[in-house]
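Could you walk me through this structure in my viewer, one selection at a time? I would like to know what to pick next and what I will find there.

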Amino acid sequence: MSSTAVIDVSDVIEHQRRNALVLKVVTLSTIMMCLDGYDLHAMAFAAPSLIRSWGIDKATLGIVFSAGVFGILVGGLIFGYLGDRIGRRLSIVAATVTFGGFSLLTAWAGDLNMLIALRFLAGIGIGGLAPLCFSLNLEYVPSRYRGTVVAIIMLGYVAGGSAGGLIAAWLVPHLGWPIVFWIGGVLPLLAAIVSFFSLPESIKFLVAQGRQPDEVARIVNRIAPGLNAQPTSRFVIREDEPTPAGSGPFARLTALFDGRLAVITPLLWVAYIASSMTMFFLNSWTPILAEASGYSPAQAAFGLSMFSLGGSVGALLAGWALDRFGVLAIAAVPMIACPLVASLGFAGFSDAGFLTAMMCVGFFVVGGHQGLNSAVGQFYPSANRATAVGWALSVAKIGSIGGPLIAGLLIARHLPASSLFVLAALPPLVMACCVVSLGLSQRRRSLAAPEPDKVDQAAPA
């Protein structure tokens, strides 16, 4: 091939065959998200032993948990911006070093104030990793597999949280609460080193920024060896949206509302808030409400496990449906979730029936939420994708915090469990309306899309 040939990187990605480079990207991202999920739940794993060791009240740890959530919110904004400025790869390494380093330091925390500060700082890295991993993988896999790949990555996240409970149950009784943070610190730092040397930069980011044509050529040749790309080749990408006019944080934020995104972004944010309200209400309060309804503590805890298990299966199917049929296909998921959530407060389930119901609720509630995770990055151009995903995941924390908080206030007013579950069933309807609107917008956009050769955006070689 001539060294001056034009190579459409979007076309290379869309028509690639299975290759070791993309498999490595997906595998490393899944491992990193597994460690991210572990560190997110690390404080919960250590809490019982820490309370006994320090002799503090359970309510006191609420401040520590809140500090971590606030850090996650801030981290999504900071690292989303950095991912679009300095690249996905270095930002992923930095986010992993951040949560790994501060988690390791937590093992030496000597008082409550230090614990609060360290969990906030670790939360910044924890919140920053997800939008970066989403963006990197969306830019390496064909559009027909994007939803499925994000769902696979999120299974790593769920696996990390689940495995952490088993590790804590096995090691904490013998080694004390600090072992939770030793593991949560050392493993991410090792993963960061591996990623620094093994993880490639997003090829679309490099082309959009006009950087490192020699690296772009090397990546293209690993994905499609027959092209024989050269550093002097002219690399282009196709984007459905214009890139931001400026590079500062405010310019990138305002770009999320340019053109048709003025409708898309608010719809995504409202959908995320609504989905998070119900999901985190169920995660936080279902065991307590189940015990109050007469189920044993073991059954209540097992019910939450079934909720997570159903959610994992739902996430995979939601990703598959998204890839096959578009965003509109996942609108049915929150619609079905609504009556299922409401039924938890009315139906007199047997023990087996309760576990089955929790699995079904998890399938549709968590599956719908992960469907949003799979879809969000697909609405934005490569140049601003990490910022867009970071903002969406951070805004979702409004629902993550608000859902359990509102439920706690209503429980304090002695609202019946049946009424609580009815209220928790309402946000999925809001989410469904948003997803329908997003799906119709996506369908109109695809029908009106110009031919590929009319939307190429060239980046300098």
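A salt bridge here is a side-chain nitrogen of Lys or Arg within 4 Å of a carboxyl oxygen of Asp or Glu. Keep in mind that the model you have open is predicted.

Start with glutamate 215 and arginine 218: their closest N and O atoms are 2.7 Å apart, and they form a salt bridge. Both sit in helix α9 (residues 213–223), 3 residues apart, or about one turn of the helix. Glutamate 215 is buried at 18% relative accessible area, while arginine 218 is partly exposed at 37%.

The whole structure holds 5 salt bridges, so select another, keeping the 4 Å cut-off in mind: glutamate 139 and arginine 385, 2.8 Å from N to O. Glutamate 139 lies in the loop between α5 (112–138) and α6, and arginine 385 in helix α15 (residues 385–395), so this pair ties together parts that are 246 residues apart in sequence. Both residues are buried.

Next, on to the rings. Select tryptophan 177 and phenylalanine 181: their centres are 6.0 Å apart and their planes stand at 80°, so the pair is edge-to-face.

Finish at arginine 89, which lies over the face of phenylalanine 196, 4.8 Å from the ring centre.

Terms used. Residues are numbered from 1 along each chain as its sequence is written. This is a predicted model: local features need pLDDT of at least 70, side-chain atom pairs count only at pLDDT 80 or more; totals for chains, interfaces and linings use all residues. Side-chain values use heavy atoms; hydrogens and water are left out. Rings of Phe, Tyr and Trp (its six-membered ring) pair if their centres lie within 6.5 Å; planes under 30 degrees apart count as stacked, over 60 as edge-to-face and the rest as tilted. A charge sits over a ring if NZ of Lys or CZ of Arg is within 6 Å of the ring centre and within 35 degrees of the ring normal. Helices (H or I, at least four residues) and strands (E, at least two) are DSSP runs, numbered from the N terminus. Buried means under 20% relative accessible area, exposed over 50%, partly exposed in between (1.4 Å probe, protein chains only).
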